[in-house]
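Me: I would like to learn how to read a model like this one. Please take me through the features one by one.

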Amino acid sequence: MATIPRITFGEATFSCQPDESLLDSLLRQNIQVPFGCRQGVCQACLMRSIDAAPPESAQAGLKDTLQTQNFFLACVCHPEQDMTVALPNQQGAFIEANVIKKQLLSPDIIHLVLEYQTPFNFFAGQFVNLKRPDGLIRSYSIANIPHAKNVLEFHIRRLPKGQFSNWVHEELKLGTALSLSAAQGACHYVPGRATQPLLLIGTGSGLAPLYGIIADALTQGHQGPIHLFHGSRDLNGLYFIDELRELSEKFNNFHYVASISGDNIDSKHVKGRANDIALASIDSLSGWRVFLCGHPEMVNQSKKMAFMKGASMADIYTDAFHVLQADS
Amino acid sequence: MSNSPETTSSQSLYEQLGGEAAVNAAVDIFYRKVLSDYRINRFFDNSDMEKQAAKQKAFLTMAFGGPNNYSGQDMRTAHARFVKMGLDNSHFDAVMENLCATLSELNVPQELIDQVSAIAETTRNDILGK
Ligand SMILES: Cc1cc2nc3c(=O)[nH]c(=O)nc-3n(C[C@H](O)[C@H](O)[C@H](O)COP(=O)(O)OP(=O)(O)OC[C@H]3O[C@@H](n4cnc5c(N)ncnc54)[C@H](O)[C@@H]3O)c2cc1C
Ligand code: HEM
Ligand code: FES
(Lines give C-alpha, C1' and ligand atoms only; values in the text may rest on other atoms or scores of the structure.)
(Ligands and ions follow the chains in the order given, each with its own letter.)
Protein backbone atom coordinates (compact mmCIF):
# COMPACT_ATOMS: atom_id res chain seq x y z
CA MET A 1 0.00 0.00 0.00
CA ALA A 2 1.11 3.52 -0.70
CA THR A 3 1.65 5.77 2.30
CA ILE A 4 -1.32 7.70 3.59
CA PRO A 5 -1.27 11.30 2.31
CA ARG A 6 -0.88 14.10 4.84
CA ILE A 7 -3.14 17.12 4.42
CA THR A 8 -2.28 20.61 5.64
CA PHE A 9 -5.01 23.20 6.17
CA GLY A 10 -3.92 26.41 7.86
CA GLU A 11 -2.15 25.33 11.06
CA ALA A 12 -3.63 21.81 11.04
CA THR A 13 -2.00 18.72 9.58
CA PHE A 14 -3.78 15.37 9.46
CA SER A 15 -4.05 12.26 7.34
CA CYS A 16 -6.68 11.44 4.74
CA GLN A 17 -7.69 7.78 5.07
CA PRO A 18 -7.91 5.67 1.90
CA ASP A 19 -11.67 5.16 2.24
CA GLU A 20 -12.59 8.81 2.83
CA SER A 21 -12.75 11.89 0.66
CA LEU A 22 -10.79 15.01 1.51
CA LEU A 23 -14.12 16.60 2.49
CA ASP A 24 -14.76 13.77 4.97
CA SER A 25 -11.33 14.14 6.51
CA LEU A 26 -11.70 17.93 6.84
CA LEU A 27 -15.10 17.55 8.48
CA ARG A 28 -13.64 14.88 10.79
CA GLN A 29 -11.17 17.56 11.94
CA ASN A 30 -14.10 19.90 12.60
CA ILE A 31 -12.97 22.19 9.82
CA GLN A 32 -15.98 24.02 8.40
CA VAL A 33 -16.14 23.43 4.67
CA PRO A 34 -19.38 24.12 2.81
CA PHE A 35 -20.84 21.17 0.92
CA GLY A 36 -24.04 20.02 -0.80
CA CYS A 37 -24.34 17.00 -3.09
CA ARG A 38 -21.16 15.16 -2.00
CA GLN A 39 -20.79 13.78 -5.50
CA GLY A 40 -18.83 16.39 -7.39
CA VAL A 41 -21.72 18.17 -9.05
CA CYS A 42 -22.94 21.20 -7.09
CA GLN A 43 -19.45 22.73 -6.59
CA ALA A 44 -20.29 23.90 -3.07
CA CYS A 45 -17.13 22.27 -1.69
CA LEU A 46 -14.73 24.12 -4.00
CA MET A 47 -11.19 24.29 -2.58
CA ARG A 48 -7.71 24.99 -3.83
CA SER A 49 -4.43 23.14 -3.55
CA ILE A 50 -1.53 25.45 -2.76
CA ASP A 51 1.23 22.98 -3.66
CA ALA A 52 0.54 19.64 -5.35
CA ALA A 53 -1.70 19.39 -8.42
CA PRO A 54 -5.00 17.81 -7.29
CA PRO A 55 -6.10 14.47 -8.78
CA GLU A 56 -7.68 15.12 -12.19
CA SER A 57 -10.88 13.36 -11.20
CA ALA A 58 -11.44 15.95 -8.47
CA GLN A 59 -11.48 18.72 -11.12
CA ALA A 60 -14.11 17.31 -13.48
CA GLY A 61 -16.75 19.88 -14.42
CA LEU A 62 -14.80 22.89 -13.14
CA LYS A 63 -14.19 25.92 -15.34
CA ASP A 64 -10.87 25.64 -17.18
CA THR A 65 -9.44 28.71 -15.45
CA LEU A 66 -10.16 27.15 -12.05
CA GLN A 67 -8.56 23.86 -13.13
CA THR A 68 -5.43 25.70 -14.23
CA GLN A 69 -5.23 27.28 -10.77
CA ASN A 70 -5.43 23.90 -8.97
CA PHE A 71 -8.96 24.30 -7.69
CA PHE A 72 -10.79 21.03 -6.99
CA LEU A 73 -13.93 19.59 -5.40
CA ALA A 74 -13.18 18.23 -1.91
CA CYS A 75 -16.06 15.73 -1.88
CA VAL A 76 -14.62 13.75 -4.80
CA CYS A 77 -10.97 14.31 -3.96
CA HIS A 78 -9.02 11.23 -2.91
CA PRO A 79 -5.52 12.61 -2.44
CA GLU A 80 -2.69 10.61 -3.97
CA GLN A 81 0.06 12.66 -2.34
CA ASP A 82 0.56 15.20 0.44
CA MET A 83 -1.42 18.41 -0.19
CA THR A 84 -1.72 21.85 1.35
CA VAL A 85 -5.27 23.04 0.80
CA ALA A 86 -7.25 26.24 1.35
CA LEU A 87 -10.78 27.54 0.95
CA PRO A 88 -11.33 29.73 -2.15
CA ASN A 89 -11.32 33.07 -0.36
CA GLN A 90 -8.58 32.37 2.14
CA GLN A 91 -6.00 35.15 1.96
CA GLY A 92 -2.38 34.18 1.56
CA ALA A 93 0.58 36.36 2.47
CA PHE A 94 1.04 39.84 1.02
CA ILE A 95 4.22 40.75 -0.87
CA GLU A 96 5.73 44.18 -1.53
CA ALA A 97 5.97 46.05 -4.81
CA ASN A 98 7.25 49.54 -5.64
CA VAL A 99 5.58 52.18 -7.74
CA ILE A 100 7.74 52.75 -10.83
CA LYS A 101 5.32 54.63 -13.09
CA LYS A 102 2.18 56.75 -12.89
CA GLN A 103 0.60 58.25 -15.99
CA LEU A 104 -2.84 59.60 -16.79
CA LEU A 105 -4.59 57.65 -19.56
CA SER A 106 -7.68 59.88 -19.48
CA PRO A 107 -8.77 62.57 -17.03
CA ASP A 108 -10.28 59.83 -14.81
CA ILE A 109 -8.02 56.86 -15.32
CA ILE A 110 -4.41 56.43 -14.32
CA HIS A 111 -1.87 53.85 -15.41
CA LEU A 112 -0.08 52.53 -12.32
CA VAL A 113 2.95 50.28 -12.75
CA LEU A 114 4.43 48.32 -9.85
CA GLU A 115 7.65 46.33 -9.76
CA TYR A 116 7.99 43.28 -7.51
CA GLN A 117 11.10 41.45 -6.27
CA THR A 118 9.57 38.35 -4.71
CA PRO A 119 8.47 35.65 -7.20
CA PHE A 120 4.85 36.26 -8.13
CA ASN A 121 2.52 34.10 -10.25
CA PHE A 122 -0.47 35.47 -12.09
CA PHE A 123 -2.53 35.38 -15.26
CA ALA A 124 -3.35 38.63 -17.05
CA GLY A 125 -6.91 39.57 -16.09
CA GLN A 126 -6.73 38.26 -12.54
CA PHE A 127 -6.90 40.81 -9.74
CA VAL A 128 -4.89 41.51 -6.60
CA ASN A 129 -5.80 43.26 -3.39
CA LEU A 130 -3.60 46.32 -2.98
CA LYS A 131 -2.94 47.51 0.56
CA ARG A 132 -1.70 51.01 1.24
CA PRO A 133 0.53 51.79 4.25
CA ASP A 134 -2.40 52.61 6.56
CA GLY A 135 -4.03 49.24 5.80
CA LEU A 136 -6.85 50.29 3.41
CA ILE A 137 -7.38 47.53 0.83
CA ARG A 138 -8.98 47.56 -2.63
CA SER A 139 -9.01 45.11 -5.55
CA TYR A 140 -7.47 45.99 -8.91
CA SER A 141 -7.13 43.94 -12.09
CA ILE A 142 -3.83 43.14 -13.76
CA ALA A 143 -3.64 44.57 -17.28
CA ASN A 144 -0.43 42.92 -18.49
CA ILE A 145 0.92 39.43 -19.12
CA PRO A 146 3.80 38.07 -17.03
CA HIS A 147 7.17 38.99 -18.52
CA ALA A 148 10.81 39.26 -17.56
CA LYS A 149 10.54 42.78 -16.17
CA ASN A 150 8.58 41.71 -13.06
CA VAL A 151 5.99 44.44 -13.36
CA LEU A 152 2.25 44.65 -12.80
CA GLU A 153 0.16 47.23 -14.62
CA PHE A 154 -3.16 48.60 -13.38
CA HIS A 155 -5.74 51.04 -14.74
CA ILE A 156 -7.30 52.85 -11.81
CA ARG A 157 -10.37 54.99 -12.20
CA ARG A 158 -10.85 57.89 -9.84
CA LEU A 159 -14.30 57.75 -8.19
CA PRO A 160 -15.82 60.89 -6.69
CA LYS A 161 -14.69 60.87 -3.05
CA GLY A 162 -13.28 57.35 -3.47
CA GLN A 163 -10.61 56.88 -0.81
CA PHE A 164 -8.16 54.54 -2.48
CA SER A 165 -8.51 55.72 -6.06
CA ASN A 166 -8.07 59.41 -5.19
CA TRP A 167 -5.07 58.59 -3.06
CA VAL A 168 -3.50 56.74 -6.01
CA HIS A 169 -4.25 59.63 -8.35
CA GLU A 170 -3.14 62.44 -6.10
CA GLU A 171 -0.80 61.32 -3.34
CA LEU A 172 0.92 58.07 -4.22
CA LYS A 173 4.56 58.79 -5.11
CA LEU A 174 7.05 56.96 -7.30
CA GLY A 175 9.17 54.61 -5.19
CA THR A 176 6.45 54.01 -2.56
CA ALA A 177 6.03 50.38 -1.49
CA LEU A 178 2.52 48.88 -1.62
CA SER A 179 1.52 45.42 -0.34
CA LEU A 180 -0.27 43.09 -2.68
CA SER A 181 -2.11 39.81 -2.21
CA ALA A 182 -1.74 36.71 -4.36
CA ALA A 183 -3.48 37.01 -7.74
CA GLN A 184 -7.11 35.87 -7.65
CA GLY A 185 -10.10 35.40 -9.89
CA ALA A 186 -11.06 33.12 -12.75
CA CYS A 187 -11.40 35.72 -15.49
CA HIS A 188 -8.38 35.05 -17.68
CA TYR A 189 -7.32 33.37 -20.93
CA VAL A 190 -6.58 29.67 -21.09
CA PRO A 191 -4.75 28.41 -24.21
CA GLY A 192 -6.25 25.69 -26.40
CA ARG A 193 -9.39 26.10 -28.53
CA ALA A 194 -7.36 28.64 -30.51
CA THR A 195 -9.96 29.16 -33.23
CA GLN A 196 -12.83 29.95 -30.89
CA PRO A 197 -14.32 33.44 -31.39
CA LEU A 198 -13.82 35.70 -28.36
CA LEU A 199 -16.18 38.47 -27.24
CA LEU A 200 -14.89 40.96 -24.67
CA ILE A 201 -17.08 43.70 -23.19
CA GLY A 202 -15.78 46.27 -20.71
CA THR A 203 -16.88 49.56 -19.21
CA GLY A 204 -14.46 52.21 -17.97
CA SER A 205 -11.43 50.69 -16.24
CA GLY A 206 -13.05 47.31 -16.94
CA LEU A 207 -10.75 47.50 -19.94
CA ALA A 208 -7.82 46.68 -17.62
CA PRO A 209 -8.36 42.90 -17.34
CA LEU A 210 -9.55 42.73 -20.96
CA TYR A 211 -6.40 44.45 -22.19
CA GLY A 212 -4.34 41.81 -20.39
CA ILE A 213 -6.52 38.97 -21.67
CA ILE A 214 -6.22 40.22 -25.28
CA ALA A 215 -2.43 40.51 -24.96
CA ASP A 216 -2.35 36.98 -23.55
CA ALA A 217 -4.55 35.54 -26.32
CA LEU A 218 -2.57 37.23 -29.11
CA THR A 219 0.79 36.25 -27.59
CA GLN A 220 -0.38 32.64 -27.34
CA GLY A 221 -1.37 32.70 -31.00
CA HIS A 222 -5.15 32.82 -30.70
CA GLN A 223 -6.50 32.54 -34.27
CA GLY A 224 -10.24 33.01 -33.90
CA PRO A 225 -11.76 36.49 -34.16
CA ILE A 226 -11.38 38.66 -31.06
CA HIS A 227 -14.06 41.34 -30.65
CA LEU A 228 -13.54 44.04 -28.04
CA PHE A 229 -16.34 46.47 -27.12
CA HIS A 230 -15.22 49.19 -24.72
CA GLY A 231 -17.75 51.68 -23.43
CA SER A 232 -18.13 54.54 -21.03
CA ARG A 233 -20.74 57.09 -20.09
CA ASP A 234 -18.49 59.96 -21.12
CA LEU A 235 -15.15 60.51 -22.81
CA ASN A 236 -13.23 60.44 -19.52
CA GLY A 237 -13.74 56.69 -19.24
CA LEU A 238 -12.34 55.83 -22.68
CA TYR A 239 -8.60 55.36 -23.13
CA PHE A 240 -5.99 53.43 -25.15
CA ILE A 241 -8.02 54.30 -28.22
CA ASP A 242 -5.00 54.76 -30.48
CA GLU A 243 -3.22 51.72 -29.08
CA LEU A 244 -6.27 49.53 -29.69
CA ARG A 245 -6.79 50.89 -33.21
CA GLU A 246 -3.16 50.12 -33.98
CA LEU A 247 -3.57 46.65 -32.57
CA SER A 248 -6.54 46.06 -34.88
CA GLU A 249 -4.39 47.10 -37.83
CA LYS A 250 -1.59 44.78 -36.80
CA PHE A 251 -3.78 41.73 -36.11
CA ASN A 252 -6.44 40.89 -38.70
CA ASN A 253 -8.44 38.91 -36.17
CA PHE A 254 -8.68 41.73 -33.61
CA HIS A 255 -11.68 44.08 -33.83
CA TYR A 256 -12.35 47.09 -31.64
CA VAL A 257 -15.40 49.28 -31.04
CA ALA A 258 -15.41 52.20 -28.59
CA SER A 259 -18.76 53.61 -27.49
CA ILE A 260 -20.22 56.42 -25.40
CA SER A 261 -23.58 55.96 -23.65
CA GLY A 262 -24.18 59.41 -22.12
CA ASP A 263 -26.61 61.89 -23.69
CA ASN A 264 -25.55 65.06 -25.44
CA ILE A 265 -21.95 64.07 -25.77
CA ASP A 266 -20.39 65.11 -28.99
CA SER A 267 -17.97 62.44 -30.10
CA LYS A 268 -16.98 60.40 -33.10
CA HIS A 269 -17.47 57.17 -31.15
CA VAL A 270 -20.46 54.88 -31.56
CA LYS A 271 -23.40 55.97 -29.40
CA GLY A 272 -24.92 53.53 -26.92
CA ARG A 273 -23.99 51.03 -24.24
CA ALA A 274 -21.12 48.71 -25.02
CA ASN A 275 -23.07 45.57 -24.05
CA ASP A 276 -26.14 46.52 -26.10
CA ILE A 277 -24.01 47.27 -29.14
CA ALA A 278 -22.01 44.09 -28.76
CA LEU A 279 -24.95 41.77 -28.26
CA ALA A 280 -26.97 43.35 -31.06
CA SER A 281 -24.10 42.83 -33.50
CA ILE A 282 -23.87 39.07 -32.99
CA ASP A 283 -26.74 36.71 -33.81
CA SER A 284 -25.66 33.68 -31.84
CA LEU A 285 -22.96 33.26 -29.23
CA SER A 286 -23.06 29.50 -29.43
CA GLY A 287 -19.44 28.33 -29.32
CA TRP A 288 -18.05 31.72 -28.24
CA ARG A 289 -15.88 32.53 -25.26
CA VAL A 290 -17.15 35.65 -23.49
CA PHE A 291 -15.36 38.01 -21.08
CA LEU A 292 -17.30 40.69 -19.18
CA CYS A 293 -15.59 43.22 -16.91
CA GLY A 294 -16.45 46.44 -15.14
CA HIS A 295 -19.76 47.82 -13.89
CA PRO A 296 -21.51 45.06 -11.85
CA GLU A 297 -24.91 45.72 -13.38
CA MET A 298 -23.52 45.59 -16.91
CA VAL A 299 -21.68 42.37 -16.07
CA ASN A 300 -24.72 40.62 -14.60
CA GLN A 301 -27.11 41.67 -17.35
CA SER A 302 -24.69 40.77 -20.09
CA LYS A 303 -23.92 37.42 -18.50
CA LYS A 304 -27.54 36.45 -18.67
CA MET A 305 -27.95 37.84 -22.18
CA ALA A 306 -24.83 36.08 -23.44
CA PHE A 307 -26.04 32.81 -21.95
CA MET A 308 -29.50 33.21 -23.48
CA LYS A 309 -27.84 33.97 -26.82
CA GLY A 310 -26.21 30.58 -26.78
CA ALA A 311 -22.89 30.95 -24.93
CA SER A 312 -22.26 28.03 -22.65
CA MET A 313 -22.05 28.88 -18.93
CA ALA A 314 -18.59 27.33 -18.84
CA ASP A 315 -17.43 29.78 -21.52
CA ILE A 316 -18.48 32.99 -19.77
CA TYR A 317 -15.82 34.69 -17.64
CA THR A 318 -16.67 37.72 -15.55
CA ASP A 319 -15.17 40.28 -13.23
CA ALA A 320 -17.70 42.61 -11.66
CA PHE A 321 -15.99 45.66 -10.15
CA HIS A 322 -18.07 45.73 -6.99
CA VAL A 323 -17.34 48.94 -5.17
CA LEU A 324 -17.00 48.46 -1.43
CA GLN A 325 -18.43 51.10 0.78
CA ALA A 326 -15.83 52.92 2.87
CA ASP A 327 -14.95 50.46 5.62
CA SER A 328 -11.54 49.45 6.93
CA MET B 1 -34.90 -1.17 -14.00
CA SER B 2 -36.06 -1.23 -17.61
CA ASN B 3 -37.44 -4.48 -19.02
CA SER B 4 -37.02 -3.39 -22.61
CA PRO B 5 -35.83 -6.23 -24.83
CA GLU B 6 -33.08 -4.17 -26.46
CA THR B 7 -29.42 -5.10 -26.24
CA THR B 8 -28.86 -2.06 -24.07
CA SER B 9 -31.19 -3.35 -21.39
CA SER B 10 -28.33 -4.35 -19.11
CA GLN B 11 -27.23 -0.72 -18.88
CA SER B 12 -28.72 1.61 -16.30
CA LEU B 13 -30.90 4.49 -17.49
CA TYR B 14 -28.07 6.90 -16.66
CA GLU B 15 -25.68 4.93 -18.87
CA GLN B 16 -28.19 4.66 -21.70
CA LEU B 17 -28.63 8.42 -21.65
CA GLY B 18 -24.88 8.92 -21.86
CA GLY B 19 -23.92 9.60 -18.24
CA GLU B 20 -22.10 12.75 -17.25
CA ALA B 21 -21.66 13.85 -20.87
CA ALA B 22 -25.44 13.80 -21.30
CA VAL B 23 -25.89 15.92 -18.18
CA ASN B 24 -23.35 18.39 -19.54
CA ALA B 25 -25.14 18.53 -22.88
CA ALA B 26 -28.51 19.06 -21.22
CA VAL B 27 -27.69 21.56 -18.50
CA ASP B 28 -27.29 24.73 -20.59
CA ILE B 29 -30.41 23.97 -22.65
CA PHE B 30 -32.47 23.16 -19.57
CA TYR B 31 -31.29 26.18 -17.57
CA ARG B 32 -31.97 28.49 -20.55
CA LYS B 33 -35.52 27.14 -20.75
CA VAL B 34 -36.08 27.60 -17.03
CA LEU B 35 -34.77 31.18 -17.05
CA SER B 36 -37.02 32.16 -19.93
CA ASP B 37 -40.13 30.44 -18.52
CA TYR B 38 -42.15 33.22 -16.89
CA ARG B 39 -44.13 30.66 -14.84
CA ILE B 40 -41.11 29.65 -12.77
CA ASN B 41 -38.17 31.95 -13.38
CA ARG B 42 -38.87 34.01 -10.30
CA PHE B 43 -37.60 31.08 -8.21
CA PHE B 44 -34.26 31.26 -9.93
CA ASP B 45 -32.57 34.51 -8.99
CA ASN B 46 -29.58 35.32 -11.15
CA SER B 47 -27.19 36.51 -8.52
CA ASP B 48 -24.82 33.63 -9.09
CA MET B 49 -25.72 31.91 -12.34
CA GLU B 50 -22.65 29.74 -12.27
CA LYS B 51 -23.53 28.14 -8.92
CA GLN B 52 -27.12 27.77 -9.99
CA ALA B 53 -26.12 26.04 -13.22
CA ALA B 54 -24.05 23.61 -11.13
CA LYS B 55 -27.15 22.87 -9.04
CA GLN B 56 -29.15 22.23 -12.18
CA LYS B 57 -26.56 19.60 -12.97
CA ALA B 58 -27.26 17.98 -9.63
CA PHE B 59 -30.95 18.02 -10.53
CA LEU B 60 -30.40 16.46 -13.96
CA THR B 61 -28.03 13.79 -12.63
CA MET B 62 -30.69 12.76 -10.18
CA ALA B 63 -33.51 12.75 -12.74
CA PHE B 64 -31.35 10.75 -15.15
CA GLY B 65 -31.05 8.02 -12.53
CA GLY B 66 -27.39 8.80 -11.96
CA PRO B 67 -25.44 8.43 -8.74
CA ASN B 68 -26.71 10.81 -6.09
CA ASN B 69 -26.62 11.19 -2.35
CA TYR B 70 -29.74 13.27 -1.90
CA SER B 71 -32.37 11.93 0.47
CA GLY B 72 -36.03 12.89 0.29
CA GLN B 73 -35.37 15.04 3.36
CA ASP B 74 -32.54 16.84 1.51
CA MET B 75 -34.97 17.65 -1.31
CA ARG B 76 -37.49 18.99 1.20
CA THR B 77 -34.86 21.18 2.81
CA ALA B 78 -33.47 22.43 -0.50
CA HIS B 79 -36.90 23.52 -1.73
CA ALA B 80 -38.51 24.62 1.55
CA ARG B 81 -37.87 28.29 0.90
CA PHE B 82 -39.53 28.02 -2.52
CA VAL B 83 -42.58 26.38 -0.95
CA LYS B 84 -42.75 29.43 1.30
CA MET B 85 -42.67 31.54 -1.88
CA GLY B 86 -45.69 29.63 -3.19
CA LEU B 87 -44.18 26.65 -5.04
CA ASP B 88 -47.00 24.31 -6.06
CA ASN B 89 -48.01 21.57 -8.52
CA SER B 90 -48.22 23.98 -11.44
CA HIS B 91 -44.57 24.95 -10.99
CA PHE B 92 -43.56 21.34 -10.62
CA ASP B 93 -45.37 20.53 -13.88
CA ALA B 94 -43.61 23.42 -15.60
CA VAL B 95 -40.22 22.07 -14.58
CA MET B 96 -41.21 18.61 -15.84
CA GLU B 97 -42.27 20.16 -19.14
CA ASN B 98 -38.91 21.93 -19.52
CA LEU B 99 -37.09 18.75 -18.64
CA CYS B 100 -38.93 16.70 -21.25
CA ALA B 101 -38.55 19.43 -23.90
CA THR B 102 -34.81 19.51 -23.23
CA LEU B 103 -34.52 15.78 -23.75
CA SER B 104 -36.59 15.85 -26.97
CA GLU B 105 -34.36 18.60 -28.27
CA LEU B 106 -31.40 16.29 -27.64
CA ASN B 107 -33.20 13.52 -29.59
CA VAL B 108 -33.51 11.25 -26.59
CA PRO B 109 -35.98 8.41 -27.42
CA GLN B 110 -39.44 8.87 -25.90
CA GLU B 111 -39.11 5.62 -23.96
CA LEU B 112 -36.14 7.01 -22.02
CA ILE B 113 -37.82 10.39 -21.54
CA ASP B 114 -40.71 8.55 -19.90
CA GLN B 115 -38.31 6.87 -17.50
CA VAL B 116 -36.71 10.20 -16.58
CA SER B 117 -40.17 11.68 -15.98
CA ALA B 118 -41.06 8.77 -13.74
CA ILE B 119 -37.96 9.31 -11.58
CA ALA B 120 -38.53 13.06 -11.26
CA GLU B 121 -42.20 12.39 -10.46
CA THR B 122 -41.23 10.35 -7.38
CA THR B 123 -39.82 13.51 -5.79
CA ARG B 124 -43.01 15.57 -6.14
CA ASN B 125 -44.19 15.36 -2.54
CA ASP B 126 -40.76 16.08 -1.13
CA ILE B 127 -40.18 19.05 -3.44
CA LEU B 128 -43.59 20.50 -2.63
CA GLY B 129 -43.17 19.83 1.10
CA LYS B 130 -46.26 17.62 1.34
C1 LIG C 1 -12.54 42.02 -8.62
C2 LIG C 1 -12.43 43.52 -8.71
C3 LIG C 1 -11.55 44.10 -9.62
C4 LIG C 1 -11.46 45.49 -9.73
N5 LIG C 1 -10.60 46.02 -10.65
C6 LIG C 1 -10.54 47.36 -10.80
C7 LIG C 1 -9.68 47.95 -11.78
O8 LIG C 1 -8.94 47.27 -12.50
N9 LIG C 1 -9.68 49.30 -11.92
C10 LIG C 1 -10.48 50.11 -11.14
O11 LIG C 1 -10.44 51.34 -11.31
N12 LIG C 1 -11.29 49.58 -10.20
C13 LIG C 1 -11.33 48.24 -9.99
N14 LIG C 1 -12.16 47.70 -9.03
C15 LIG C 1 -12.87 48.61 -8.09
C16 LIG C 1 -11.93 48.97 -6.93
O17 LIG C 1 -11.64 47.82 -6.17
C18 LIG C 1 -12.50 50.00 -5.94
O19 LIG C 1 -13.74 49.57 -5.49
C20 LIG C 1 -12.64 51.38 -6.55
O21 LIG C 1 -11.38 51.83 -7.01
C22 LIG C 1 -13.19 52.37 -5.52
O23 LIG C 1 -12.38 52.40 -4.38
P24 LIG C 1 -12.16 53.75 -3.58
O25 LIG C 1 -11.48 53.43 -2.29
O26 LIG C 1 -11.55 54.78 -4.42
O27 LIG C 1 -13.63 54.23 -3.29
P28 LIG C 1 -14.43 54.05 -1.91
O29 LIG C 1 -13.84 54.95 -0.89
O30 LIG C 1 -14.52 52.61 -1.62
O31 LIG C 1 -15.82 54.63 -2.34
C32 LIG C 1 -16.59 54.00 -3.38
C33 LIG C 1 -17.71 54.92 -3.82
O34 LIG C 1 -18.60 55.14 -2.75
C35 LIG C 1 -18.73 56.50 -2.50
N36 LIG C 1 -18.66 56.74 -1.04
C37 LIG C 1 -17.74 56.28 -0.17
N38 LIG C 1 -17.98 56.68 1.07
C39 LIG C 1 -19.07 57.44 0.99
C40 LIG C 1 -19.83 58.16 1.94
N41 LIG C 1 -19.50 58.18 3.23
N42 LIG C 1 -20.92 58.83 1.51
C43 LIG C 1 -21.26 58.81 0.20
N44 LIG C 1 -20.59 58.15 -0.73
C45 LIG C 1 -19.52 57.47 -0.35
C46 LIG C 1 -17.58 57.20 -3.15
O47 LIG C 1 -17.93 58.46 -3.60
C48 LIG C 1 -17.22 56.29 -4.26
O49 LIG C 1 -17.90 56.67 -5.43
C50 LIG C 1 -12.25 46.32 -8.90
C51 LIG C 1 -13.13 45.73 -7.98
C52 LIG C 1 -13.22 44.37 -7.86
C53 LIG C 1 -14.17 43.77 -6.86
C1 HEM D 1 -38.77 17.82 -10.60
C2 HEM D 1 -38.26 17.51 -9.42
C3 HEM D 1 -37.11 18.30 -8.84
C4 HEM D 1 -35.93 17.75 -8.46
C5 HEM D 1 -35.51 16.27 -8.53
C6 HEM D 1 -35.08 18.84 -8.01
C7 HEM D 1 -33.79 18.67 -7.58
C8 HEM D 1 -32.96 19.69 -7.16
C9 HEM D 1 -31.62 19.53 -6.68
C10 HEM D 1 -30.87 18.20 -6.56
C11 HEM D 1 -31.14 20.76 -6.35
C12 HEM D 1 -29.76 21.11 -5.77
C13 HEM D 1 -29.86 21.15 -4.26
C14 HEM D 1 -28.55 21.54 -3.56
O15 HEM D 1 -27.58 20.78 -3.60
O16 HEM D 1 -28.53 22.63 -2.96
C17 HEM D 1 -32.18 21.72 -6.66
C18 HEM D 1 -32.05 23.09 -6.50
C19 HEM D 1 -33.03 23.99 -6.90
N20 HEM D 1 -34.32 23.70 -7.29
FE21 HEM D 1 -35.07 21.87 -7.64
N22 HEM D 1 -35.79 20.01 -8.10
C23 HEM D 1 -37.04 19.73 -8.59
C24 HEM D 1 -38.06 20.63 -8.83
C25 HEM D 1 -37.96 22.00 -8.68
C26 HEM D 1 -39.01 22.94 -8.96
C27 HEM D 1 -40.43 22.57 -9.38
C28 HEM D 1 -38.48 24.19 -8.72
C29 HEM D 1 -39.12 25.56 -8.87
C30 HEM D 1 -39.84 25.91 -9.90
C31 HEM D 1 -37.11 24.02 -8.31
C32 HEM D 1 -36.25 25.05 -8.01
C33 HEM D 1 -34.95 24.88 -7.58
C34 HEM D 1 -34.04 25.99 -7.36
C35 HEM D 1 -34.33 27.48 -7.57
C36 HEM D 1 -32.83 25.43 -6.93
C37 HEM D 1 -31.53 26.17 -6.65
C38 HEM D 1 -31.40 26.53 -5.24
C39 HEM D 1 -30.18 27.42 -5.03
O40 HEM D 1 -29.77 28.14 -5.96
O41 HEM D 1 -29.64 27.36 -3.93
N42 HEM D 1 -36.84 22.68 -8.29
N43 HEM D 1 -33.28 21.04 -7.14
S1 FES E 1 -20.47 18.84 -2.26
FE2 FES E 1 -21.31 19.15 -4.22
S3 FES E 1 -19.53 19.21 -5.44
FE4 FES E 1 -18.76 18.66 -3.52
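The dialogue below goes through both chains and then one residue.

Me: What ground rules apply?
Reply: This is a predicted model: local features need pLDDT of at least 70, side-chain atom pairs count only at pLDDT 80 or more, and totals for chains, interfaces and linings use all residues. Residues are numbered from 1 along each chain as its sequence is written, chains are lettered from A and ligands numbered from 1 in the order written, and side-chain values use heavy atoms, without hydrogens and water.

Me: How many helices and strands are in chain B?
Reply: Helices (H or I, at least four residues) and strands (E, at least two) are DSSP runs, numbered from the N terminus. Chain B has 7 helices and 0 strands. Its pattern along the sequence is α-α-α-α-α-α-α.

Me: And how many in chain A?
Reply: Chain A has 7 helices and 17 strands. Its radius of gyration is 21 Å, close to the 20 Å from the globule rule for 328 residues, so chain A is as compact as a globular protein of that length. The radius is taken over C-alpha atoms; the rule is 2.2 Å times the number of residues to the power 0.38.

Me: How do I read contacts by sequence separation?
Reply: Contact means heavy atoms within 4.5 Å. Take contacts in chain B between residues at least 6 apart: 77% join residues at least 24 apart. In chain A, residues 24 or more positions apart account for 67% of the contacts with a separation of 6 or more.

Me: Now a single residue. Where is D37(B)?
Reply: D37(B) is in the loop between α2 (19-35) and α3 (49-63) of chain B.

Me: Is D37(B) buried or exposed?
Reply: D37(B) is buried, with a relative accessible area of 6%.

Me: What does D37(B) touch?
Reply: Leaving out residues up to four places away in sequence, D37(B) touches A94(B) and N98(B). The side chains of D37(B) and N98(B) make a polar contact (3.1 Å). A polar contact is a pair of N or O atoms within 3.5 Å; within protein, one must be able to donate a hydrogen and the other to accept it, and residues adjacent in sequence count only if both atoms are side-chain atoms.

Methods. Buried < 20%, exposed > 50% of the residue type's maximum accessible area, 1.4 Å probe, protein only.
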